[in-house]
Amino acid sequence: LAWVVAAVATIFAAVLAWRVVGSREVKPELMQMLVDAPPDVKIANRHAELALSPDGCTVTFVADNALWVRPLGAAAATRLSNTEGAFRPFWSPDSRTIAYFIAGKLMRIPAAGGSPTSVCDAISGRGGSWSPDGTILLAPALAGPLMRVSASGGDLVAVTKLDSTHYESGHRFPCFLPDGEHFLFAAIPGGTNGWDTYVGSLRSGTVKHLLTARSVAVYAEPGYLLFERDGRVLAQRFDAGRLELRGAPVSIAEAPQPSDLDAEPVTSPSQNGRLAILRSEPANARLEIHGPTGATIAQLDLPPAPWKVSDVSPDGRRATVFKGDELWVVDLVRSVPMRIATNLASFRSSVWSPDGNQIAFVARHDEREEIYIGGLDGKADMVPTTDGTFKGVTDWSRDGRYIVFWSQNAETGQDIWFLPVDGDRKPVLYLRSPAEETGGRISPDGRWLVYTSNETGQNEIYVQSFPKPGHKVRVSLDGGQIAGWSDDGSRLRYLNNSGREFVSVPVKGTGEEFQPGAASKAGELSSDVTGGASMGSGRGSLVSVATESHPRDIRIILNWTALLEQ
């Protein structure tokens, strides 16, 4: 009997201990790690240029104009061959394949390396998502609806419709929900509080507004939406069955510095409780005057700030520079800065009038961006032009008659326009095609316009007659961007597609003919140069050079839900 009583007591104690210990929830431990860039490589400064695999084991990112992969257990990242120019990557559901945009295409490549294959055309992708049934949902251009396509290729089919009552010009950054039918996406343009996130359906086509934030919301297991407000990454409960938010949002992390890509997601989650967040801060910069050979002639004495050169006045005494979304004029003789505008457009741009007394720039106004013309006193008048959400000014003709700008179109992307400065200021469409055209600059004699187009699949430099396009000549041979004229119009200078090497081409315009000569290398741009502009008359250029560069890496948070209780 004693042995029986002892055995029963032992069993009772074991059961009681099991119940006590078993009822105590073992919470996962919060862990974090940093993924550094490879040596001498910079990670792209946009949140949407990285993506964590669904299984949480590998992160892919864009660095130095190519795609890299880094298994979290590996010591270093690997560059994927033949991905030069890749951007906005996203994963297949099985974490074996990476889709990405490049040169007017959506491509896919094995994460372990191999040959890329084309999926479909995409003018300028703004995000994609891959469902378990092999459907890819993507935003193939700056503007327009979301489209669907088979991951194996095929025709694009529109999934969403733009809401004209809300002045929508585009839908971006789709994110499939677990059922593979519903998806999140952002609507462009945004308002004063950010961008609206909606949930849509592949079957019904219906949409429902969920929230407004400084980023599109993305879905993260076990049932949350992640987005940014007031510089913080927030998590809010989401019922994926009822498509409803629950409770109040909770702050889980500091958000990365904003980039120039509207509505991009602020974080990339896996399906097993991991997050990837870009860590970056804009580097402070100094302004330097470089001579024609590239040697530093002078350095301006300015307070530390992330300055970026935009344009230099015709007399070479002043310059417009950006600091975040602010436009400043800097006196180059006295090193004195003066702020003249805020709330600038997504694509920072400004140009000086030929007499140096006025500046044209683009800033946000209500539901879209508009061109403003103002003086050095900070007062500026808005000039309504097109219905396009995004715009950028690129030149002011030497005779003062025209301002050249580009405007985004829902069907054709970026088109070139010019604005007559006098009279009724009614904008004139100069060039529209299925390709994207931008960067238009008028020759000193006013007869030609040089611009960049991606009609071949990559950016190239072209020249056409002005003000009426007609005689068209391709100038670059192997890619080019950001072209400009010499003071006498006898040469064109542009950057190749690496963005670091200058190319110079002698040109002649006789009658109706335009004749480019042989191209030659004209110098290299240092990797720490963030912006620059010619000072004219052989005086060299003004450049902004990054200093005090902050580390740019990727923060991986393991078991991120533990942050909800901190």
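Analyst: The second largest pocket is lined by 39 residues, and those that lie nearest its centre are Gly-128, Ser-129, Cys-175, Phe-176 and Pro-269. A pocket here is an open set of points on a 1 Å grid over the protein atoms alone, with protein on both sides within 12 Å along at least five of seven lines, whereas a cavity is a set of points where a 1.4 Å probe fits but cannot get out; lining residues have an atom within 4 Å of a point. This is a predicted model, in which local features need pLDDT of at least 70 and side-chain atom pairs count only at pLDDT 80 or more, while totals for chains, interfaces and linings use all residues. Residues are numbered from 1 along each chain as its sequence is written, and side-chain values use heavy atoms, with hydrogens and water left out.

The space in this second largest pocket comes to about 800 Å³, a volume being the space filled by probe spheres set on grid points that are joined across faces, edges and corners. Two or more lining residues come from each of strand S2 (50-52), strand S6 (87-91), strand S10 (128-130), strand S14 (170-176), S18, strand S22 (268-269) and S23; strands are DSSP runs of E with at least two residues, numbered from the N terminus. By class, the lining of this pocket is made up of 27 nonpolar, ten polar and two charged residues, where Ala, Val, Leu, Ile, Met, Phe, Trp, Tyr, Cys and Pro count as nonpolar, Asp, Glu, Lys and Arg as charged, and the others, Gly among them, as polar.

The structure also holds one cavity of 30 Å³ or more, and about 30 Å³ of space lies in the largest cavity. Its lining consists of Arg-126, Arg-172, Asp-260, Leu-261, Asp-262, Ser-346, Phe-347 and Phe-390, which divide into three nonpolar, one polar and four charged residues.

A nonpolar core is a set of buried Ala, Val, Leu, Ile, Met, Phe, Trp, Tyr and Cys residues joined through side-chain atoms within 4.5 Å, and buried means under 20% relative accessible area, exposed over 50%, and partly exposed in between, with a 1.4 Å probe and protein chains only. In soluble globular proteins, nonpolar side chains tend to be buried together.

Trp-560 is in contact with Ala-220, Glu-221, Tyr-224, Leu-226, Ala-235, Ile-252, Gly-273, Arg-274 and Leu-275, leaving aside its neighbours within four places in sequence; contact means heavy atoms within 4.5 Å. Glu-221, one of these partners, is joined to Pro-222 by a cis peptide bond with omega about 10 degrees, and Pro-222 lies in the loop between S18 and S19. A cis peptide bond also joins Ile-188 and Pro-189, with omega about 5 degrees, and Pro-189 has its place in strand S15 (residues 182-191). 

Backbone angles deserve a word as well. Ala-263, in the loop between S21 and S22, has a phi near 70 degrees, a positive value in a residue other than glycine, and at 1% relative accessibility Ala-263 counts as buried. Ser-335, in the loop between strand S28 (326-331) and strand S29 (336-341), has a phi near 60 degrees, again a positive value in a residue other than glycine, and counts as buried at 17% relative accessibility. Most residues other than glycine have a negative phi, and most peptide bonds are trans.

For a view from another strand, Gln-32 lies in strand S1 (residues 31-35) and, at 41% relative accessibility, counts as partly exposed. Gln-32 and Ala-276 are 244 residues apart in sequence and 9.9 Å apart in space, C-alpha to C-alpha, while Gln-32 touches Arg-555, Ile-556 and Ile-557, not counting residues up to four places away in sequence.

As for confidence, the mean pLDDT of the protein is 89, and 94% of its residues reach 70 or more, pLDDT being the predictor's confidence in each residue, from 0 to 100. Over residues 3-11 the pLDDT is below 50, and this stretch has zero contacts in the model beyond near neighbours in sequence.

How values were computed. Helix = DSSP H or I, 4+ residues; strand = E, 2+ residues; numbered from the N terminus.
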